[in-house]
Amino acid sequence: MTPHNAAQFEALADLYEDLSNWPFRRYIETPSILAHLGDPTGTDVLDFGCGAGTYAHLFKRAGARRVVGYDLADGMLASARRRAAAEALDIEFVSRLGPEHAGAFDTVLAVYVLPYAQTPPELERMCFQMLAPLRPGGRLIALPIHPDYAPDPAYYEPFGFRMTPQDAHEPHRDGVAIRLDLFYQQRHDASVRAWYWSRNALESALRLAGAASVRWHPPQLQPAAEAPPELAAYIRRPHAAIVECRRD
Ligand SMILES: C[S@@+](CC[C@H](N)C(=O)[O-])C[C@H]1O[C@@H](n2cnc3c(N)ncnc32)[C@H](O)[C@@H]1O
């Protein structure tokens, strides 16, 4: 990711913190990630592209031993640090990964970060950076754009966002830019630019970076009586997938 690309997130910390409560995340994404992750108690976790630190905070509260949040956007890191301090959560938030982070974690989580690689070499580099901090046998859980996301810009509007592929004729071609507008309940009005990567492109980049046993999981609606019924349409065509792999 170029510095210019990181810059699009500088002022969006409040939005991304708020986003953690949007129904598709609250009832589907977050519980699905936690279900795949298992109990983090006593484990060391790196939140790669941590943004405002939503997941880093959650892991620390859930009993993880060491939690590090890494992001390129200083605005995101400042917000993540403020929130951690307010809750007295002992989390390191860093803007670079160094040799001291290599092979130091049981789990790396990367939620909505792979879509910000703009080119195949950048995607490979990002996968390498995500896998290098893992101990042998450690797990990477990443959420890219779902390879089969619905390219109709209106499809995700009921869930608070719109995805508009810049090439309407070939929305599922590797490297196609996608405009993501975020406006849930008119509380926000922000756009970011992401890039589409197919299942093949993502798996090849992950394997090249040293990943073994790449597995895909559809996000699931977790049993919750109060989940809004309209989330059934999200589950049919989720905009993000969960990819899980181990470092050799
Ligand atoms: C869509 S936000 C998601 C934030 C957070 N993971 C969440 O789920 O709320 C993507 C974040 O990834 C960061 N990012 C993108 N590419 C990165 C890279 N190569 N290294 C570190 N952070 C990156 C951006 O600065 C941004 O904060």
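Which residue forms a salt bridge with D44? The partner is R65, and the closest N and O atoms of the two are 2.9 Å apart. The views below start from this pair. They come from a predicted model, in which local features need pLDDT of at least 70, side-chain atom pairs count only at pLDDT 80 or more, and totals for chains, interfaces and linings use all residues. Residues are numbered from 1 along each chain as its sequence is written, and side-chain values use heavy atoms, with hydrogens and water left out.

**View 1. R65 and D44 form a salt bridge.**
A salt bridge here is a side-chain nitrogen of Lys or Arg within 4 Å of a carboxyl oxygen of Asp or Glu. R65 sits in the loop between α4 (54-61) and β2 (66-70), while D44 belongs to strand β1 (residues 44-48), so the pair ties together parts that are 21 residues apart in sequence. Helices (H or I, at least four residues) and strands (E, at least two) are DSSP runs, numbered from the N terminus. R65 is exposed, at a relative accessible area of 52%, whereas D44 is buried, at 4%. Buried means under 20% relative accessible area, exposed over 50%, and partly exposed in between (1.4 Å probe, protein chains only).

**View 2. R162 meets E157 in a salt bridge.**
Their side chains come to 2.8 Å, N to O. R162 is partly exposed, with 25% relative accessibility, and E157 is partly exposed too, with 33%. Elsewhere, salt bridges that share partners join D44, R65, D106 and R135 into one network. The structure holds 17 salt bridges.

**View 3. Strand β7 pairs with β6 and with β8.**
Two strands pair if DSSP finds at least two bridges between them. β6 and β7 run antiparallel and are joined by five bridges; here R162 stands opposite D181 in β7. Six bridges join β7 to strand β8 (residues 190-195), again antiparallel, and R179 has R193 in β8 as its bridge partner. β7 is mostly covered, with five of its six residues buried.

**View 4. The largest cavity has a volume of about 170 Å³.**
On a 1 Å grid over the protein atoms alone, a cavity is a set of points where a 1.4 Å probe fits but cannot get out, and lining residues have an atom within 4 Å of a point. Grid points are joined across faces, edges and corners, and a volume is the space filled by probe spheres set on the points. The lining has 16 residues, and Y16, Y112, Y116, L180 and H239 lie nearest the centre. β7 gives the most to this lining, with three residues. The lining divides into 15 nonpolar residues, one polar and no charged. Ala, Val, Leu, Ile, Met, Phe, Trp, Tyr, Cys and Pro count as nonpolar, Asp, Glu, Lys and Arg as charged, and the others, Gly among them, as polar.

**View 5. The second largest cavity has a volume of about 30 Å³.**
E29, Y112, L143, P219, Y234, A240 and I242 line this cavity. E29 also forms a salt bridge with R25, the closest N and O atoms being 2.9 Å apart. E29 and R25 are four residues apart in helix α3, and so are separated by about one helical turn. E29 is buried, at 5% relative accessible area.

**View 6. S32 is found in helix α3 (residues 23-37).**
S32 is buried, with a relative accessible area of 2%. Not counting residues up to four places away in sequence, S32 touches P219, Q220, Q222 and I242, where contact means heavy atoms within 4.5 Å.

Methods: 1 Å grid on protein atoms, 1.4 Å probe; cavity = no way out; pocket = protein on both sides within 12 Å on 5 of 7 lines; lining within 4 Å.
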